[in-house]
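Look at the sequence and the 3D structure below. Then read on for a pocket and a sheet.

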Amino acid sequence: SQVKEVSFAAATQGEWRFLQESIGISAMHMQLLHNNKVIMFDRTDFGESNISLPHGRCRRDPHDQALKRDCTAHSVLYDIGSNSFRPLMVQTDTWCSSGAVLHDGTLIQTGGYNDGDRVVRRFHPCNDDYCDWIEFPNALSRRRWYASNQILTDGRIVIVGGRGQFNYEFYTQPPNSVNPKPTNPFNLDFLRETMDRSENNLYPFLYLLPDGNLFIFANTRSIIFDYHKRKVVREFPPIPGGFSRNYPSTGSSVLLPINDNGPNPIEAEVMVCGGAHPKAFNYAMRKVFMRASSTCGRLKVTDKNPSWKMETMPLARVMGDMLLLPDGDVIIINGASSGAAGFELARNPVTRPVIYQPNAMENNRFWIMETAKRPRMYHSCAVLLLDGRVLIGGSNPHALYNFTAAEFPTELSLEAFYPPYLAARHDHIRPRIVGMDEAIVYQKKFSVTFKVENFRNVRKASVRIIAPSFTTHSFAMNQRMVVLKKVKVVRVGPSTFRIIAVGPSTPELAPKGYYMLFVVHAQIPSEGMWMNVGSLASHCEYQMHQWNCSSIRLK
């Protein structure tokens, strides 16, 4: 009976499992890579970490504010499959920086603090233990500290804002033998207009919309911005409620799943949750911790006359992380219920995640999940993994590493949250991908073959792709889900089915690059598979415990 109780709880409230007691650093930033490794880093001027650099290496930096000579690492590469990690060498300060992944899977990481605020760092995934950070000083035109990044359809990355920066610039990947050069910045008065006495407009929420324009949200206001013509084409009503939503009154946001099989033109809807009173930061500096926001707002930005549709979360939350799950739901995880983002500025950790179901009946969309064992406060983060788990790390609300004399000690551990769809009681309806096209071409048909023990019906099967996020400070940059057009589902063998689907309609829906592909059946997702959008197609089959791929043509 105890096993049944555990199974029932996991199927309704999810489950927590510890992965590592210590990875040596506090994971302030995370990016899942297409070789199933997660790169993580904090900042160089926290002092000594708990993991040494390999081969006796040391970092010498006369500009560092904690240590001029530091033989410890401030970045690690975590291998999901083996649950192991190795240290990486980052030279300049990455504190409160941003990033995006290029179409070939290379992570471009931008800015930071002090000597790192104009640095571009490049990490290309490899299958051995030799790849590491490559840094390019003075590759940005302005200091980018608390900026946001978005990959664009032409392969460029737009970098928006940062502390004291009311502008944006583009990063263009040069040939491998050429160092990147800074490009001219462009003014964005909207960022100046949304700054108040506590700022409350840093790490603006930034999304590429289906029409090719950018959605930018800062503090309480939002716009559609045409970056080609460098002009604001639309401003929306402020989000109601009187709460600020960006750093340091840090809320979170997602672009809800885009349906490429729905109405034309394609709809886009943004959701913003949590945050804090505009003066929460100032009050917290005086040890008065104001209650966080408990509201979420949804804005269908493609409507003719959109307005915010407000809902109330069961738990107030500041510094929460919002992630899209493969079943189309949204998880809200980490954070506190009072105070603001910053060193020692929050209290009352929120240890229970909430899952939000966007398509459920109103007033029946929020579901409270299982309680975490450890608080995840300022400088914590979360990313979705290929197997459907949510990886959580970090939490260091201190100016330096502090493991003992603090209410919320520096957290070096990693853990995973298993959403309810991973519970064993769903195994009989869980699809398992056994064959697929390794790459997807825009507007071209492709196939995915899957097995499922108890197939319900064709209407309950779908294919969707999710871009892996660069997560830091409660914002999962570049995260997006596209539900692809389904042509048909056919039975091809015992408990075996093939979905014929169509690649994304346009690069604006899904810019070129690596995505996690999931089959969802009866609201239960498969384990994901990596595929590349915009490349030549090949077909893969799972044989003898390995994937074998060959080029194909689909008619």
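Which residue in β32 is the bridge partner of Ser380? Gly394 is.

## About the model

This is a predicted model, where local features need pLDDT of at least 70, side-chain atom pairs count only at pLDDT 80 or more, and totals for chains, interfaces and linings use all residues. Residues are numbered from 1 along each chain as its sequence is written, and side-chain values use heavy atoms, without hydrogens and water.

## An open sheet

Strands here are DSSP runs (E, at least two residues), and helices are runs of H or I with at least four residues, numbered from the N terminus. Two strands pair if DSSP finds at least two bridges between them. Four strands build an open, antiparallel sheet in the order β1-β33-β32-β31. β1 (15–20) and β31 (380–384) stand at the edges with a single partner strand each, so one side of each has no neighbour in the sheet.

β31 pairs with β32 (residues 390–394) over five bridges, in the antiparallel sense.

## The largest pocket

A pocket is an open set of points on a 1 Å grid over the protein atoms alone, where a 1.4 Å probe fits, with protein on both sides within 12 Å along at least five of seven lines; lining residues have an atom within 4 Å of a point. Volume is the space filled by probe spheres set on the points, which are joined across faces, edges and corners. The largest pocket holds about 1300 Å³ of space. Its lining has 42 residues, and Asp327, Gly328, Asp329, Asn359 and Gln523 are the closest to its centre.

β37 gives the most to this lining, with four residues.
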